[in-house]
Amino acid sequence: MIRLVLQRIALLVPTLLGLSVLLFLWVRALPGGPATALLGERATPEAVERINRLYGFDQPLLQQYLKYVGQLATGNFGTSTRTNRPVLEEFLNRFPATVELTVLALVIAIGIGIPLGYVAARRQGRLTDHATVVASLIGVTIPVFFLAFLLKWLFAVQLGWFPSAGRQDPSMVATHPTGFYVLDGLLTREWDASWDAIVHLVLPAIALGSIPLAIIARITRASVIEVQNADYVRTARAKGLRRTRLRSRVILRNAMLPVSTTIGLQVGLLLSGAVLTETVFAYPGIGSFLAEAIFNLDYAVLQGFVLIIAVVYALANLAVDVSYGLIDPRMRTR
């Protein structure tokens, strides 16, 4: 198991190097170029030439790339042209907000998706199964931004049950030692601040977690149906294994392998979906900041944020590989 983890970590290096090459070439292929993005409306030909010389944009691409990789190795992801602050600092300031949103969305998706898929599989061909299949299809096909607008209009604007934007009430005075608002309220015993942060998370998390929930429910249903019809399950049932033990230790545990893979893949979907969800709810996370960087041609933020998100996604997949060993003991010896 340890060897498997080390192998996955070693594979991160060529993966990130390949991604850095693609990002480097993609950003420089965009219209205008980095110099135009830095200058904005003042991008005269003379000014563009001066910026190209100053930042080395007029150097050969290979030399620019080696300089770029050298900066990445020291933790320097560049400086935002819009805020004039280091990209890594901007990311770390907004990352806790996106983590809270992603975690709650994943909890909703897993907490509802797995039981729903399991119940549908146990009642295969009945009304519950058909309703689950239809609901999961609707959940997959509804765009995240449309559901976000719909939830915002109904529960925030019309009913007034939840706030429509932001991460916390602007009038609330709270202490934030870690940047994770829910956790900060618990640590400082500012219960009202923690609850207010949770209330602000509900609608964005439901919108963000809708597609993963539908996917997890469908995969769980299919996996449980396949496992419960397997020969070893029939053998265990014929030998008189208790029903509760058969369902929890044999059927559900073996069905969780493809489900855990799906959950790991949904982390990337959640991070990408956060761009739309955070924009609709004006939620100050990395998604909304990345959307602003796209509109403002902030090349340093685009390169840095995408590369850091790729690292987070790779670590999430590493966690999935580790979970295999917890679910299936045979994986621990590989």
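The chain exposes about 18000 Å² of surface, and carbon and sulfur atoms supply 66% of that area. This is a predicted model. Of the 334 residues in the chain, 41% count as buried.

The fold is helical. The chain has 13 helices and zero strands. Read along the sequence, one α follows another: α-α-α-α-α-α-α-α-α-α-α-α-α. Contacts reach across the sequence. Take the contacts between residues at least 6 apart in sequence: 73% of them join residues at least 24 apart.

Threonine 98 sits in helix 5. Is threonine 98 buried or exposed? Its relative accessibility is 1%, so threonine 98 counts as buried, the cut-off being under 20%. What does threonine 98 touch, once its neighbours within four places in sequence are left aside? The contacts are Leu271, Ala274, Glu278, Tyr283, Gly285, Ile286 and Gly287. Leucine 271 shows the reach of these contacts. Threonine 98 and leucine 271 are 173 residues apart in sequence, yet their C-alpha atoms are 8.0 Å apart in space.

Glutamate 90 is also found in helix 5. Glutamate 90 counts as buried because its relative accessibility is 1%, under the 20% limit. Setting aside neighbours within four places in sequence, glutamate 90 is in contact with Thr83, Arg85, Phe289 and Phe305. One of these, Arg85, brings in the charged pairs.

Side chains of opposite charge can pair when their charged atoms come close. The structure holds five salt bridges. Glutamate 90 takes part in a salt bridge with arginine 85, where the closest N and O atoms are 3.9 Å apart. That value falls inside the 4 Å cut-off for a salt bridge.

Glutamate 90 has another salt bridge, to arginine 94, with the closest N and O atoms 2.4 Å apart. Arg85, Glu89, Glu90 and Arg94 are linked in it by salt bridges.

Further along helix 5 comes another pair. The side chains of glutamate 100 and arginine 167 meet in a salt bridge, 3.1 Å from N to O. Why does this pair tie together separate parts of the chain? Glutamate 100 lies in helix 5, and arginine 167 lies in the loop between helix 7 (144–158) and helix 8 (181–187), so the bridge joins parts that are 67 residues apart in sequence. Glutamate 100 and arginine 167 are both buried.

Next, the empty space. Rolling a probe the size of a water molecule over the atoms shows where empty space is left. How many cavities of 30 Å³ or more does a search of the whole structure find? The search finds one. The largest cavity holds about 40 Å³ of space. Its lining consists of Pro163, Ser164, Ala165, Gly166, Val199, His200, Leu203, Pro204 and Phe281. By class, that lining divides into six nonpolar residues, three polar residues and no charged ones.

Pockets are open, unlike cavities. The second largest pocket holds about 240 Å³ of space. Which residues line the second largest pocket? They are Val13, Leu16, Leu17, Ser20, Val69, Leu72, Ala73, Phe77, Leu307, Ile308 and Val311. The elements giving two or more residues to this lining are helix 1 (2–29), helix 4 (61–73) and helix 13 (299–327). Helix 1 gives the most, with four residues. The lining of the second largest pocket has 10 nonpolar residues, one polar residue and no charged residues.

Methods
Residues numbered from 1 in each chain as written. Predicted model: local features only at pLDDT ≥ 70, side-chain atom pairs only at ≥ 80, totals over all residues. Heavy atoms only, no water. Buried < 20%, exposed > 50% of the residue type's maximum accessible area, 1.4 Å probe, protein only. Contact = heavy atoms within 4.5 Å. Areas by Shrake-Rupley, 256 points an atom, 1.4 Å probe, with all protein chains shown as cover. 1 Å grid on protein atoms, 1.4 Å probe; cavity = no way out; pocket = protein on both sides within 12 Å on 5 of 7 lines; lining within 4 Å. Points joined across faces, edges and corners; volume = space filled by probe spheres on them. Nonpolar A, V, L, I, M, F, W, Y, C, P; charged D, E, K, R; others polar.
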